[in-house]
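Please look through the sequence and the model shown below before reading on.

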Amino acid sequence: MTASLAPSGKRIRDRCDALARCSEETAALTRVFLSKEQRAANELTLAWMREAGMSARIDAIGNVVGRYEADVAGAPCLMLGSHLDTVRNAGKYDGMLGVVAAIDCVHTLNARGTRLPFAIEVVGFADEEGVRFGATLLGSRALAGTFDPKLLDSRDGEGMSMREALTAFGLDPVRIVQAARTRADVLAYAELHIEQGPVLEAEGLPVGVVTAINGANRFVIEIEGLAGHAGTVPMALRRDALAAAAECVLAIESRCGREPDLVGTVGRLEAAPGATNVIPGHSRFTIDLRAPRDEQRRQAAVDIQAAVASICARRKVRVGIRQTHEGKTAACAPWLQDQIGQAIEAEGLPVRRLPSGAGHDGMAIIDLADIGMLFVRCEGGISHNPLEAITLEDAELSARVFLRFIEHFKPAA
Ligand SMILES: [Zn+2]
């Protein structure tokens, strides 16, 4: 088999490098929605899609959409893709790898002269990370038909509205509805993405099948105790808001540690007045809770709120618990998990199923079609960081698995 008849790890990595050069900073990778850097990345992607035998266009929200026809023109498609935008000071593979690898799979089919009974569409989503306007998944929501037009009035850090930015990019905000696809168009959506976590690497596995994109709850907890003199108030008479928060943090850690796949994080903790010789009278912390099953996550949220309330009651401090976010789980369809698993097995590898703790475009596309994901090992599990890295071998192997999945894809009965 000649090199052109199989996905190429080197070509995939070179293209991720080329996309990484489309950045608003020279020393770091930052590429946000509707920027001139996005335009440059779109141009590269359009050219690669066309070279791979696809027709390619920019849709009404700025997504790059390539289509490889079925053996019968106009057939519904298997949709593949990921996002082309980045966080600030990003890595080169989060998002881009999935777009570039999918193009390489089509490139291979085209080089072999293979047409399948369904079309393949590859989408490079214009915004997943939500860096510029705060709202995430703009590209995939537009495609799924769930884009909220009220967002057009949101403004970026420079005061430019999304409506103005779309117009400046050469897009017409009133036509965003035209980016929406129908269920009849799309048989399924599959995404290849780096894991962004350390599980596959720890187990020595290059790829895994995603079971679900975890749902999440976020809370802000405020505790009101009584500030006092650090020298004069005996321990038994204190109402220390920070000590209460500390006990809550450990209760959250312990509750989440009891179940596999449930994770809870206190990422921010503040105490006031914040002086060495003053008992903290006030504390405030955040909770981020995620799990692959909604009932599991909701039960954990109930238990944690009860634990926080009971700790604070015992310590005679007042507590306020405010939920700031709840997002439900986007489960990957079992039939797609099975087909992705079969492609992994066919490469002689064990099938590791794991949830995704990070959000992905599939969370929006699930309103349009069943979703499936293939995770690829990344070095140290590091992501959203310029140190993000994968090996050439893993890039090639994961694309080979993905191509196998595409070639053997059978729509749900
Ligand atoms: Zn991503």
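What follows describes a predicted model, beginning with the chain as a whole.

The chain has eleven helices and 16 strands, and its C-alpha atoms fill a box of roughly 85 × 50 × 40 Å along the principal axes. A compact globule with 413 residues would have a radius of gyration near 22 Å, and the chain, with 24 Å, agrees with this. Among contacts between residues at least 6 apart in sequence, 78% join residues at least 24 apart. The table gathers some values for the whole chain.

| Property of the chain | Value |
|---|---|
| Radius of gyration | 24 Å |
| Residues that count as buried | 53% |
| Accessible surface | about 17,600 Å² |
| Share of that surface from carbon and sulfur atoms | 53% |

In soluble globular proteins, nonpolar side chains tend to be buried together. In this model the largest nonpolar core holds 61 residues, and Leu80, Leu97, Ile120, Val122, Phe402, Phe405 and Ile406 touch the most other members. Helix α3, residues 96-112, gives the largest share of this core, namely ten residues. A second, separate core has 25 residues, among them Val65, Tyr189, Cys332 and Leu354. Leaving aside residues up to four places away in sequence, Phe402 touches Leu80, Ala102, Cys105, Ala190, Glu191, Leu192 and Leu374.

Which residues coordinate the zinc ion? They are His83 (NE2), Asp94 (OD) and His193 (NE2), at 1.9 to 2.2 Å. Because Asp94 lies in the loop between β3 and α3 while His193 lies in strand β5, the pair ties together parts that are 99 residues apart in sequence. Both Asp94 and His193 are buried.

Terms used
Residues numbered from 1 in each chain as written. Predicted model: local features only at pLDDT ≥ 70, side-chain atom pairs only at ≥ 80, totals over all residues. Heavy atoms only, no water. Core = buried A, V, L, I, M, F, W, Y, C linked by side-chain atoms within 4.5 Å. Buried < 20%, exposed > 50% of the residue type's maximum accessible area, 1.4 Å probe, protein only. Helix = DSSP H or I, 4+ residues; strand = E, 2+ residues; numbered from the N terminus. Contact = heavy atoms within 4.5 Å. Donors = N, O, S within 2.8 Å, 3.2 Å for Na, K, Ca; no water. Rg over C-alpha atoms; globule rule 2.2 N^0.38 Å. Areas by Shrake-Rupley, 256 points an atom, 1.4 Å probe, with all protein chains shown as cover.
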